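Reader: I am new to this structure and would like to know what lies behind the words used for it. Please take the terms one by one.

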Amino acid sequence: MLRWDEIFSLPVQSPPTLEFSAANLVWSKVVGWRDKIDRVARIPYPRVGDFVRGESANEECPTRFHVEARRKRPPEMHCKQKVDGILEYILYWCSFGPDDHRQGGIVRPSRSTYVPKKKSAGRPNTKRGCVCHFIVKRLIADPSIALIIYNQDKHVDKSEQPCHGPQDKKAVGTRAAFAPYISDDFRLRVLSLLHVGVSVETIMQRHNEFVEKQGGPRNRDDLLTHRYVRRLERSIRRSNYELDEDDMVSIGMWVESHQSHVFFYEDFTDADPFVLGIQTEWQLQQMIRFGNCSLLVCDSRFGTNKLKYPILSLLVFDSDNKAIPVAWILTSRFGNESTHKWTRALYKKVHSKDPTWKLGGFVVDDPSADVHAIRYLSCPETEMRSEMFKRLGQAVYSVCQGNGDMNLFEDFMEDFVDCRISWRMWITALRSLPLASQETCAALECYHHQLKLRLLNEKNSEVYQRTDWLVEKLGTKVHSYFWLDEYKGKEDFARYRKDEWMSGLTSWRRALEIPDSDVIFEGGYATVKSQHDQEKAHFVWNPGCEFAICDCSWSRMGNLCKHVIKVSKICRSKGSAKMSISLYKYRQTLINMLHCPPHDSLIRDHAISLAVCLQTQLNSLIGPESCRSEVHSIETQSTVGDSSNSRVEKGNQRNDGW
């Protein structure tokens, strides 16, 4: 028998998978109740849900575990720090037990009033006497750790015979052969379809066609019933976001009932503002999947002019480089000490799932301050706007290359006297931080546009001043839209979906579809034929420059359009354009790494390997010859001392894959 000091010395196990089961843990044996030998393991307390889901997905006997009993010590209750003091006790039992509603089965006296259904075998709530169960203990001595005690790990009844699953011959043809309920992923799919407006009949028709096509039910999700979908639809229709007349009281009630969706919450105080961080289980999975050793992007201050509290979105890029929201933060004040609090809370939540998760880079923006200022300063004359963008681009290039200062912007302001904006912060950022690529900016703009269409579409504008409405819609309808964007089978419902469903391609991806023959250069501008109307063409001024502008509606709104990107790519392929600022900053950072002493260190070898790896990924957009010349250029610059910066400016300017 293990002593308590030996139990506390057991390692805390946290498998790197999103879900894990008992098979993924190393168990220690301890003498339990009635001299039975129990198995014990320690895991992080936030990962208890992952363990429960992993155990439910048992391939040999799929099931689901429910909370049979729970005891929790109130936080305000003072207690002694006993070594075995329990802060929380949860008994999880297989949902096919412990009662046995089969013919001749044993039912506990407290359940003697149960009235059996006419067709109980196929009902989700059927009890078949399964004795499989385990206990979760959260001790006062270490609240961050959960002690898992497995009393009975076999899915059998009291006679030790299989009572559900594939091994139970009497369960064939019923839900007991698979699991009592549909899986969480499939339930999320059904809910998402209902939230975006797909009818119950359409969902069931498509589902039944799929099951019939595969030759009958093969898992628990294939046994989806019309009654269950109708019940989900009714719960959505009857839901009410206004839980209390007082908005903040209503928010507190919502947070209390959605603990799994909230990673940080701080109500108004004299010193701190209101902050609410929202992240669903699916968003957390996407953050771990696409954000590990990759970019995390911040889209800040969305809805400043309409919403009571603006939204800060954290985004990652999927395999198609489309932006996915992995967290939403609502706050009354940005850029203060509360930012450190919710970022730490989010970091801890991600690490509780995957301790190996690391961030590769962070991209920030400020659309309400920058874009609105630029639009306010923009003039209606196309030629004047073109000249302003050209001069502004020259100034940015000079600052990034270390040759510019405040005088450039002062000259700019003298020539365009109507402009009024402070550039000092811009100069500091341009000199010290790398810049995002055109593809990153295009994906960010696409997400911002989608969020606007899917969120700010209410007929009654008064709801925008209700925070409870905002969090409810973000967690339901808006979340469903973005979930379905990543759903592989979304085309099965294409003809039933609304226009808001259309995620579409980013401007970068749209630019790749434009043929080179549709781009014509004439003097100081270029024309791009419209892909919808070949008789129409769009004009692009300052071709080949990142500060080019177009006369299309998307560009006039201050966004990066596909016509500008296409013209820039052609110019760079011909060698008639400067390398992009983002690529220049990347090469500058890489060369600084190459010059880290000593020159034959592992840092230098890693930097060169990284450069070759990135150039290989860009090969499809750049070309093999250009790729080899770029790597050779970087290797050559790594052997030169202080002259590296000047060589960057003279380097191969054709290689701008970003």
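Author: Start with a definition: buried means under 20% relative accessible area, exposed means over 50%, and partly exposed is in between. The model to which this is applied is predicted.

Reader: Why is Phe 362 called partly exposed?

Author: Phe 362 has a relative accessible area of 43%. Phe 362 lies in strand β12, residues 361-363.

Reader: What does Phe 362 touch, not counting residues up to four places away in sequence?

Author: With such neighbours left out, Phe 362 touches Leu 295, Leu 296, Cys 298 and Leu 314. Leu 296 is 66 residues from Phe 362 along the chain, yet their C-alpha atoms are separated by 4.9 Å.

Reader: Why does Gln 286 count as buried?

Author: The relative accessible area of Gln 286 is 7%. Buried means under 20%, so Gln 286 is buried. Gln 286 belongs to helix α7, which spans residues 281-291. Leaving out residues up to four places away in sequence, Gln 286 touches Gly 291, Val 316, Ile 324 and Val 326.

Reader: Which residues of strand β8 point one way, and which the other way?

Author: Strand β8 consists of residues 275-278. Val 275 and Gly 277 point one way, Leu 276 and Ile 278 point the other way, and all are buried.

Reader: How do you know that β8 pairs with β7?

Author: Two strands pair if at least two bridges are found between them. Strand β7, residues 262-266, and β8 have 4 bridges and pair in the antiparallel sense. Within this pairing, Phe 264 stands opposite Gly 277 of β8. Strand β11, residues 323-331, also runs antiparallel to β8 and is joined to it by 4 bridges. There Val 275 has Thr 331 of β11 as its bridge partner.

Reader: What makes β1 and β3 edge strands?

Author: They belong to an open sheet of 6 strands with antiparallel pairing, in the order β1-β2-β6-β5-β4-β3. The strands β1 (28-31) and β3 (65-72) each pair on one side only, and are the edge strands. Neighbouring strands of this sheet are turned by 25 degrees against each other on average, direction ignored.

Reader: Which elements of the sheet does helix α2 touch?

Author: Helix α2, residues 48-56, packs on the sheet and touches β2, β3, β4, β5 and β6. The direction of α2 makes about 25 degrees with that of β6.

Reader: How do you know that β1 is paired with β2?

Author: At least two bridges are needed for a pair. Between β1 and β2 (residues 37-44) there are 4 bridges, in the antiparallel sense. Val 30 stands opposite Asp 38 in β2.

Reader: What makes Val 249 partly exposed?

Author: Its relative accessibility is 38%. Val 249 is found in helix α6, residues 247-257. Together with Leu 243 and Met 253, Val 249 forms a nonpolar patch on the surface, with about 230 Å² of accessible area for the three together.

Reader: How many helices and strands does the chain have, and what share of its residues is buried?

Author: The chain has 22 helices and 16 strands. Of its 658 residues, 48% are buried. The accessible surface of the chain comes to about 34600 Å², and 52% of this belongs to carbon and sulfur atoms.

How values were computed. Residues are numbered from 1 along each chain as its sequence is written. This is a predicted model: local features need pLDDT of at least 70, side-chain atom pairs count only at pLDDT 80 or more; totals for chains, interfaces and linings use all residues. Side-chain values use heavy atoms; hydrogens and water are left out. Helices (H or I, at least four residues) and strands (E, at least two) are DSSP runs, numbered from the N terminus. Axes are lines fitted to C-alpha atoms, for helices over the stretch in contact, and angles run from 0 to 180 degrees between N-to-C directions. Contact means heavy atoms within 4.5 Å. Patches are made of residues with over 30% relative accessible area and no salt bridge: like charges are joined within 9 Å, nonpolar side chains (Val, Leu, Ile, Met, Phe, Trp, Tyr) within 5 Å. Accessible areas come from the Shrake-Rupley method with a 1.4 Å probe; for residues, only the protein chains shown count as cover. A salt bridge is a side-chain nitrogen of Lys or Arg within 4 Å of a carboxyl oxygen of Asp or Glu. Buried means under 20% relative accessible area, exposed over 50%, partly exposed in between (1.4 Å probe, protein chains only).
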